[in-house]
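Morning, everyone. Please look at the model on the screen, and I will walk you through it.

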Amino acid sequence: MDFHDVFIEILMLLAVSIFVIGFAKLIKIPYSIALVIVGLILGLTEIPFFEASEQFITQSNVFHAIIVSLFLPILLADATLKMPMEHFMEFRRVSLTLAFVGTFFTFLIIGFSTYFLLGLPIPIAFTFAALMSATDPISVISIFKSLGVNKGLSTLMETESLFNDGIAVVLFKIASVYLLTYIEMGLVGLGSGALLFLKFTIGGIIVGAILGYAFSQIIRIYDDYPLEIAFALLLYFGCYFIAEHFHFSGVIAVVIGGLIFGSYGSKVGMTETTKQNINVFMDTITELANSLIFLMVGLEIQNIDMENKWNMIFSGILIVLIARTISVYVSTSLSKKVPSKWKVILNWGGLKGSLSIALALSLPQTFEGRDTLLILTFTVVLFSLIIQGLTIKPIINKLGLSEKNE
């Protein structure tokens with residue numbers, strides 16, 4: 001089958017996903033959950049017309065590379081552009097503690113637990129831990145908006161996700177590429193790992209800060225929103241690829257650059273018309289990116305062999321849930337700004353989603369244990385989106401956190 005035919009079928013899948021999003025919004029359920037369920041149905045049934053496109057989406061290395069290099073900057077950019085800085089500053093300490101301390105706690109707990117309890121090799125155990133350290137609040141935030149949940153709680157979840165995504169990607173690279181080498185080096189390896197982490201992080205911050213400030217100054221010259229949208233896209237992709245070229249964290253660069261551009265740049269260089277149009281444009285391409293990613297979560301079910309692996313799958317889900325609970329309660333224990341009810345939602349609402357999938361699929365076919373990682377990652381994400389995603393709304397209502405209840 002040539003590229004033209006595959007392209008047509010991918011467009012058909014995209015059309016299916018758009019109609020699913022429309023239907024989900026009519027019946028008022030998070031579209032990410034609806035897409036996963038439809039993907040599961042497509043993956044478990046044989047529909048000849050979609051077979052080639054399903055094969056291309058779930059197994060093509062080219063498509064997986066597109067997910068990481070094209071979709072990831074877009075997903076991060078959309079979140080940074082809309083981050084309400086006044087709420088971020090109010091909750092900055094607990095947000096950053098959740099993002100940094102909580103992510104490390106989650107990474108260590110899952111890594112050691114899967115190594116000792118499930119018997120996974122160290123690189124696989126800690127690569128899985130890195131994949132599960134990232135949270136994806138897309139579904140939860142949409143539920144928050146529909147229920148009128150406190151903006152402070154929304155900000156906490158969004159800020160944690162933004163920063164822990166960057167940290168999780170750095171940990172993923174270290175665990176999947178360098179970990180065994182550092183273990184063999186002993187204490188010297190530990191120091192080398194710490195230096196590499198700092199290099200990834202600080203380098204990403206510097207690249208993002210420079211480009212975020214530079215593009216904020218550039219848009220001051222113009223009052224032309226189509227051109228300013230193009231500059232915004234150039235900023236986000238520039239942050240990612242320039243940082244990656246110098247072996248820094250592209251994700252952290254996009255987060256920092258986007259935060260500067262969305263807060264400082266919007267104040268000094270954007271009219272209200274520009275802000276509105278940039279937001280609408282980012283909403284659109286983010287929805288398209290998410291539609292394919294979440295649909296793919298369901299489609300991947302056809303490539304997962306779960307036979308004789310149910311104990312590992314259930315144990316993996318349980319370990320991830322326990323690690324999340326410990327990290328949330330430890331990270332927020334010293335803050336008086338986070339009520340106990342918020343902690344329940346922060347814990348149960350820490351869903352796994354598109355970033356975990358994109359990173360898992362980016363692993364080369366030669367990576368030892370790739371199939372095991374895909375099985376664990378996809379099943380945890382499925383559980384997270386369907387079980388946690390569908391129960392978070394009743395829990396919010398039960399705790400009286402909806403504006404209607406108040």
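L96, F100, V101, F105, L318, I322, I326 and V330 make a nonpolar surface patch of about 600 Å². The elements that give two or more residues to this patch are α6 and α14. What counts as a patch? Its residues have over 30% relative accessible area and no salt bridge; like charges are joined within 9 Å, and nonpolar side chains (Val, Leu, Ile, Met, Phe, Trp, Tyr) within 5 Å. A salt bridge is a side-chain nitrogen of Lys or Arg within 4 Å of a carboxyl oxygen of Asp or Glu. Areas come from the Shrake-Rupley method with a 1.4 Å probe, and for residues only the protein chains shown count as cover.

A word on the source. This is a predicted model, where local features need pLDDT of at least 70, side-chain atom pairs count only at pLDDT 80 or more, and totals for chains, interfaces and linings use all residues. Residues are numbered from 1 along each chain as its sequence is written, and side-chain values use heavy atoms, with hydrogens and water left out.

How confident is the predictor? pLDDT is its confidence in each residue, from 0 to 100. The chain averages 83, and 87% of the residues score at least 70.

Now the whole chain. It has 17 helices and 0 strands. Helices (H or I, at least four residues) and strands (E, at least two) are DSSP runs, numbered from the N terminus. The accessible surface is about 18,000 Å², and 68% of that belongs to carbon and sulfur atoms. Of the 406 residues, 55% are buried. Buried means under 20% relative accessible area, exposed means over 50%, and partly exposed is in between (1.4 Å probe, protein chains only). Next, contacts: heavy atoms within 4.5 Å. Take those between residues at least 6 apart in sequence: 81% join residues at least 24 apart.

On to the rings. Rings of Phe, Tyr and Trp (its six-membered ring) pair if their centres lie within 6.5 Å; planes under 30 degrees apart are stacked, over 60 edge-to-face, and the rest tilted. The count is 13 aromatic pairs. Take F100 and F163: ring centres 6.4 Å apart, planes at 35 degrees, so this pair is tilted. The pair links distant parts of the chain, with F100 in helix α6 (residues 92-116) and F163 in helix α9 (residues 151-185), 63 residues apart. F100 is partly exposed at 32% relative accessibility. F163 is buried at 15%. Ring pairs also link F107, F112, Y115, F116 and F126 into a cluster.

Which helix is largely enclosed by the rest of the structure? Helix α16 (residues 354-362), because 8 of its 9 residues are buried. Those are S354, L355, S356, I357, A358, L359, A360 and L361.

Q388 sits in helix α17 (residues 370-398). Q388 is buried, at 5% relative accessible area. Leaving out residues up to four places away in sequence, Q388 touches L321, N347, W348, L351 and F383.

E244 lies in helix α11 (residues 225-245). E244 is partly exposed, at 23%. With residues up to four places away in sequence left out, E244 touches K173, S249 and G250.

Methods: pLDDT is the predictor's confidence in each residue, from 0 to 100.
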